[in-house]
Amino acid sequence: MSTSIPDPVLKQSVKLALIQLAAGADKQVNLQRAAEHVTKAASQGNKIVVLPECFNSPYGTKYFPQYAETLLPSPPPADQAPSFHALSKMASDNKIYLVGGSIPEFNPDTGKHYNTSLIFGPDGKLLSTHRKTHLFDIDIPGKITFCESEVLSPGNKVTIVDLPEYGKIAVAICYDLRFPELATIATRHGAFALIYPGAFNTTTGPLHWRLLGQARAVDNQVYVALCSPARDVNSDYQAWGHTMVVDPMASVLVEADEHETIVEWELENDKITEPRKNIPINSQRRFDVYPDISKGDVQFEES
């Protein structure tokens, strides 16, 4: 039984940049440095630019409330959401699509905090928002224990964003990468790339970061982009780094080390259509044997 996916998935080739940025304790400095890197990426011809998870603050449960911004109602006043307005300006100044990594969000109406990605268009307008759906609660004895749910609440939707000149992207955050359902649903709804700002650490990173990126790519025959913060050996939480782009055949096209850098690649529709033609899993699925999860009760709006 076939899965109906539009063709072409990617309407024209597009250059993608992933900024592996180091964030410190000063939010304003983080925003300024992010703007400088975004400008540099745009000047090199990149039309989609991605920042890492928690690019405006240190990563950690004790930091989320301190750095959180109130984003609703949107657009928020500049004094309560400086990162929102900085991202909007980066997008409009450089005429790019900007996936704004993630920032801590506070909703005063509910008293809840979120880990939130803001996606802006070339005119500086907000296109979509993704609140991290799966919270990072793990305990690996002797290595790492982390519990985002001590502070954060989860988002409640699959996030697919239409970029009219190019097609659709999906955006999710870090631990969301471990859950193939989000990727499968987004791909069957026509996404040409799955974009994950994420701060894996030096325990889980070498184990699974690359493996999960390749798995999401080959399962769905789609591009996958993983954008990490740079590693700070003096921070409470050390990011793995290794920002990368994976193609629909699961080849790692470009990969950073742990240091601050910009990773770039040109995405091409042929690299999506050729594997789908040669290995036609979209027409070979057995929805008479198992359900198509993309046709189920899927949420595309926050509840």
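This note discusses selected helices, strands and residues of the structure.

1. Basis of the model. The model is predicted; local features need pLDDT of at least 70, side-chain atom pairs count only at pLDDT 80 or more, and totals for chains, interfaces and linings use all residues. Residues are numbered from 1 along each chain as its sequence is written, and side-chain values use heavy atoms, with hydrogens and water left out.

2. An open sheet is formed by 6 strands in the order 9-10-11-12-13-14, with mixed pairing. Strands here are DSSP runs (E, at least two residues) and helices are DSSP runs (H or I, at least four), numbered from the N terminus; two strands pair if DSSP finds at least two bridges between them. At the edges stand strand 9 (160-163) and strand 14 (252-255), each of which pairs on one side only. From one strand to the next, the twist averages 20 degrees. Axes are lines fitted to C-alpha atoms, for helices over the stretch in contact, and angles run from 0 to 180 degrees between N-to-C directions.

3. Two strand pairs. Strand 10 (residues 167-171) and strand 11 (residues 191-197) run parallel and are joined by 4 bridges; Ile169 has Ala193 of strand 11 as its bridge partner. Strand 13 (residues 244-246) and strand 14, in contrast, run antiparallel and are joined by 3 bridges, and Val246 stands opposite Val252 in strand 14. The hairpin of strand 13 and strand 14 has 5 residues between the strands, and Ala250 there takes a positive phi near 75 degrees.

4. Helix 4. This helix (residues 180-188) lies across strand 9, strand 10 and strand 11, and runs at about 150 degrees to strand 11. Helix 4 is mostly covered, since 7 of its 9 residues are buried (under 20% relative accessible area; exposed means over 50%, and partly exposed lies in between, with a 1.4 Å probe and protein chains only). The buried residues include Leu182, Ile185 and Arg188. Their cover includes strand 9, strand 10, strand 11, helix 5 (204-220) and helix 6 (270-278). After helix 4 comes Gly190, with a positive phi near 100 degrees.

5. Helix 1 and helix 3. How do these two helices pack? Helix 1 (residues 27-43) and helix 3 pack at an angle of about 15 degrees, with their axes 10 Å apart. They are therefore roughly parallel to each other (angles under 35 degrees; over 145 is roughly antiparallel, 65 to 115 roughly perpendicular and the rest oblique). The contact (heavy atoms within 4.5 Å) is made by residues including Leu31, Val38 and Ala42 of helix 1 and Ala86, Met90 and Asn94 of helix 3.

6. Asn94. This residue is found in helix 3 (residues 82-94). Asn94 counts as buried because its relative accessibility is 18%. Its side chain reaches the backbone oxygen of Met90 at 2.8 Å. Apart from neighbours within four places in sequence, Asn94 is in contact with Val38, Thr39 and Ala42.

7. Tyr166. Tyr166 has its place in the loop between strand 9 and strand 10. Is Tyr166 buried or exposed? With a relative accessible area of 9%, Tyr166 is buried. Beyond neighbours within four places in sequence, its contacts include Val9, Lys47, Tyr97 and Phe192. Tyr166 and Thr273 are 107 residues apart in sequence and 15 Å apart in space, C-alpha to C-alpha.

Technical notes. Polar contact = N/O pair within 3.5 Å; in protein donor to acceptor, adjacent residues only side chain to side chain.
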